[in-house]
Structures are given as C-alpha cells and as structure tokens.
Amino acid sequence: MGLAAKGTFWSRVLTGLFFVPLIWLVGFFVYIFAALSGAGFFYIWLILCVCAVLTVMLVLGLGEWLRRKVYWSIMGGLTLVFIVVISGYELNGMYQNSIPKVVEGEVDLKAYEPFVRGSKAAVLNEAATFKLRDELPVLDGATALYPLYSAFAMAVYPEKDYDVHRSEVRSTKTSQAYESLFSGEADLIFAAEPSERQRGDALAAGAELALTPIGREAFVFFTHADNPVTGLTLEQIQNIYAGNIKSWDELGGKRAAIRAFQRPEGSGSQSALQRLMRGRSLTNPPQEDVAAGMGGIIARTADYRNYPDAIGFTFLYYATEMVRNGEIKLLAVDGVYPDRESIADDSYPLSSPFYAVTAGTSNPHVESFINWIRSEQGQKLVEKTGYTPLLVP
C-alpha cells in the first residue's frame, strides 16, 4: 500500500496540508538563496521542478494510489534522473568554460606601465622635444589604447610610479573613461569616437567635447579559426547583427546558427558596431543569466567565446598584439583584409581615427601635449606601438 496505509483519511489530509506548503516554503528560500548566489535559469527551474515532483509524489503516497515498492522505485528513478541532468549540465558547463574567450579583462595592463623594468610600452630612441614636470594631466582611456598613452607618458612625464588603476596614467576602459572626463576626474582620455549616449551624457554634464585624431585603427570581425568563411561584406555584417542572416550556410559556411556576440553598452567596440549599423536595430546577443537580489534575473551581454559558430569584433591592435589568440581568425570586409597597409591606404572599409578627447579641462598643459602627440615624435610612438599613424602635414 501507500505511505500512509494505516492512517485515517483526515490524518492524511492534515499531513498533506502541512507538508505541501512546507515543501514550497523550503523551495522558496532555496530559490532566493540560489538567486542571490548568481545561479542561472537551469537551477532556478530545477528547484521549481523538484518542488512540483515532491508535491505530486507526496499526494500519490498519501492517497495510497501506488504500492509502496512502486512508489519508492519511482522516487529512486526520479532521483537518478535529477542526478544525471545535473551532472550533464555541469559537464557541459566545464566544456563551455574550456573554450577560449576574448575579453578586455584578460590582458595584464601592468605589463605596459611606464617606467617599469621590462615594460612593453614603446620607447623613443631620442629625448622628447616636449617635457612636463608638474601639473601633470590625468590620462585615462580604452584598454586597447593604454599601451600607446603609457608610451606618451614615458616620453614626456617625470619618472615615477604610475599605477594603471590609481595614478595620472590609468585605464578604466572606454565607458568609465568618458564618465571620468565628464566629471572632471580626467583631463585627457584616449578612445574611439563616443557613442550617441555618451554625447548625450556630455551635453547633460555641460561638457564640451573636443576630439583630436591622433592615429588610425581598424574595427575587425573574427571567427573561430576553423570556420570556412574568410570574409563578409559590410551589408552581410549588418544583416547578421540585425538578425536577418542567422545561419553560416547563407554565407558559404556550414549549416550552423550564427552566435553573434556583442560588447557592453558604452564600450568602444560596441559603439563602433552601433555606428556600423547606421540606425538599424541590433538583434539580442548571446546572454549569460545572472540572478541578483529580489529583482530576479538580469540579462547581460556575454563575453565572446570562441565557439565554431561564433562571430565577434574588436580592434586590430587588441586582437593581434594584446590578446594574440591563435584560435581566432580575422575576416576580410568587402574583400579587403585588415592590416596596417589597408588601414594606411584607407582601402579597409572599417578603418577610422581614434582620438585624444577633452571636455573643457583647466589643465594648462593639455593642448601642448596633444600638439606633441600629433608631432613627428608622437606619431613615431603611434607607429612603434603598433597603430597606424596619421599622415602629419
């Protein structure tokens, strides 16, 4: 007979009225704990499924609808199913985590700090014609441009410790650098052209942006090295990120859904993608689900992960000099491969200037510093770092 063969009808009803709410109350607290711990959708739904299964099995047991042996056989089978499902999920997670990622956070910028023994920052072979001793402008900027403005500082600033996170020569990434510029915490930042949102933030802060081009760089797209597709047209890229092209076989590749990764809002590369779209709406990117607080699930853009069917984007210097991931390959755009030659002759369609950006700083040395950066010596450092210099008159 069932679990409560010797119990009376009402005792079984009371038992059910006690244990069913208890199951869901415990499930609720486990759900909250899982959400606060950052568990994804899988474990959130697993908790709900376990509560539902336990409720059904409790009712079946109390109702004496199953023989005891059958009942416990079903319970054992369900437990085994849950163990297999969880094991499969975790093993798949381990596999996914083993796939290389391309993210800004993986580069050790301390390796480019100025005046540090063995620094990777480029060095002038002669004394700089412009030097600063005091009232040093606070520099900030994009991750990919830190090696460049670190080289500027090493040529012009007095020798001392310039920590990458807390000094006059720091890097907080593009979005934070623009915020620091608007708030007056930074005097000069080095970044790609601001997004429309950042221009709006500048206007709201009463900051007058001044963008001075100091070099050129390529915005590049890349895939897994084994992807048979070697190039795309600008229109195809737009259609991929608008969600109109969804499979690689539409582009001459294998029959596989395209995983079009994006970057966080306000980053230099995401702003470049938005400009490339020319007003077209972006499709939803692959997402990681992160539970946070009582608000439920927060969706965020996932870091690029090198799946065979993925496509991502960045800037040429970052991909080829700072990350150097041998398992990705750059794509030609409109038949032109991105390299220093195609940037210099402007044949690569997604090459553009990067800038020294100010917003009304009161520092007396900023204008002279920017003029030196655009001089022959400054442009030598642009080239020695690995970027494409301007054609200085």
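Of the 393 residues of the protein, 47% count as buried, where buried means under 20% relative accessible area, exposed means over 50%, and partly exposed is in between (1.4 Å probe, protein chains only). This is a predicted model, so local features need pLDDT of at least 70 and side-chain atom pairs count only at pLDDT 80 or more, while totals for chains, interfaces and linings use all residues. Residues are numbered from 1 along each chain as its sequence is written, and side-chain values use heavy atoms, with hydrogens and water left out.

1. **Overall layout.** The secondary structure comes to 12 helices and 13 strands; helices (H or I, at least four residues) and strands (E, at least two) are DSSP runs, numbered from the N terminus. Among contacts between residues at least 6 apart in sequence, 73% join residues at least 24 apart, a contact being heavy atoms within 4.5 Å. The accessible surface is about 20,100 Å², and 57% of that belongs to carbon and sulfur atoms; the areas come from the Shrake-Rupley method with a 1.4 Å probe, and for residues only the protein chains shown count as cover.

2. Asp187 sits in the loop between helix H5 (173–183) and strand E3 (188–191). Asp187 is buried but has no salt bridge, and the nearest side chain of opposite charge, Arg170, is 8.5 Å away. For the charge bookkeeping, Lys and Arg count as positive and Asp and Glu as negative, with His and the chain ends not counted. A salt bridge here is a side-chain nitrogen of Lys or Arg within 4 Å of a carboxyl oxygen of Asp or Glu.

3. **What does the side chain of Asp187 make a polar contact with?** One partner is the side chain of Thr361, at 2.8 Å. A polar atom of the Asp187 side chain also lies 2.9 Å from the backbone nitrogen of Val138. A polar contact is a pair of N or O atoms within 3.5 Å; within protein, one must be able to donate a hydrogen and the other to accept it, and residues adjacent in sequence count only if both atoms are side-chain atoms. Leaving aside neighbours within four places in sequence, the contacts of Asp187 include Leu136, Pro137, Leu181, Val357 and Val366.

4. Asp163 is in the loop between helix H4 (146–156) and H5, and it counts as buried because its relative accessibility is 13%. The Asp163 side chain makes a polar contact with the side chain of Lys110 (3.1 Å), and one of its polar atoms lies 2.8 Å from the backbone nitrogen of His165. Asp163 also meets Arg166 in a salt bridge (4.0 Å, N to O), and Arg166 is exposed at 66% relative accessible area. Lys110, Glu113, Asp163 and Arg166 are linked in a network of salt bridges.

5. **Other salt bridges.** Side chains of opposite charge can pair when their charged atoms come close. A search of the whole structure finds 11 salt bridges. One of them joins Asp140 and Arg170, with the closest N and O atoms 3.5 Å apart. Asp140 lies in strand E2 (residues 139–141) and Arg170 in the loop between H4 and H5, so this pair ties together parts that are 30 residues apart in sequence. Asp140 is buried at 0% relative accessible area, and Arg170 counts as buried at 14%. Arg255 and Asp249 also meet in a salt bridge (3.2 Å, N to O); there Arg255 is exposed at 75% and Asp249 partly exposed at 32%.

6. **Helix H4.** In H4, 11 of the 11 residues are buried, so the helix is largely enclosed by the rest of the structure. Among the buried residues are Tyr146, Tyr149, Phe152 and Met154.

7. **Strand E10.** In a regular strand the side chains alternate between the two faces of the sheet. Strand E10 (residues 310–315) is mostly covered, with 6 of its 6 residues buried. Ala310, Gly312 and Thr314 are on one side, and Ile311, Phe313 and Phe315 on the other; both faces are covered. Strand E4 (residues 210–224) runs antiparallel to E10, joined by 5 bridges, and Phe219 has Phe315 as its bridge partner. Strand E6 (residues 259–260) runs parallel to E10 with 2 bridges, and Arg259 stands opposite Ala310. Two strands pair if DSSP finds at least two bridges between them.
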